[in-house]
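Hello,

Here is the structure I said I would pass on. Please have it open while you read the notes below.

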Amino acid sequence: MKFESLDVWKRSATLAIAIFQHFKSSREYCLKDQIKRSSLSISSNIAEGYERMSSKDCVRFLYYAKGSCGELRSQLYISLQVGEVSTELANKWIMETQELSMMLAGLIRAINNANQR
């Protein structure tokens, strides 16, 4: 399977694009840079994992992507508190990171279960 066909990759890429567009004019350079990096890291690690030659490597990169979901969620809470993101948008993106994290956990579980057979 190609990473481009994974819903979790498509959704994470869409989230990164939305975040890049939103923070384009932000003057909070440090926060803007970190939040853009963590959002981009989710889809990038999914892609890198799927391009690896072993299931073990793939799972490792999916865990990195899952970690980036948590990192992004933390940064969104901070962005909300400093007024860089509206409550509505922050809640939407926080919910999306939670769903992506659950999707990644399910994908990791499926790959690990397939390897145990």
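Predicted model: local features only at pLDDT ≥ 70, side-chain atom pairs only at ≥ 80, totals over all residues.

Residues are numbered from 1 along each chain as its sequence is written, and side-chain values use heavy atoms, with hydrogens and water left out.

Start with helices H1 (residues 7-22) and H4 (residues 87-115). Helices here are DSSP runs (H or I, at least four residues), numbered from the N terminus. The two pack at about 155 degrees, with axes 10 Å apart. Axes are lines fitted to C-alpha atoms over the stretch in contact, and angles run from 0 to 180 degrees between N-to-C directions. H1 and H4 are therefore roughly antiparallel (over 145 degrees). Residues in the contact (heavy atoms within 4.5 Å) include Leu15 and Ile19 of H1 and Trp93 and Leu100 of H4.

H4 has 29 residues, which should span 42 Å at 1.5 Å a residue; its end C-alpha atoms are 42 Å apart, which agrees. The expected span is 1.5 Å times one less than the number of residues. Among the buried residues of H4 are Trp93, Leu100 and Ile111 (buried means under 20% relative accessible area, 1.4 Å probe, protein chains only). Their cover includes H1, H2 (29-51) and H3 (55-81).

H3 has 27 residues and reaches 40 Å, close to the 39 Å expected. Its buried residues, including Phe61, Leu72 and Arg73, pack against H1, H2 and H4. Just after H3, Gly83 takes a positive phi of about 85 degrees.

Best wishes

Conventions. Parallel < 35°, antiparallel > 145°, perpendicular 65-115°, else oblique. Buried < 20%, exposed > 50% of the residue type's maximum accessible area, 1.4 Å probe, protein only.
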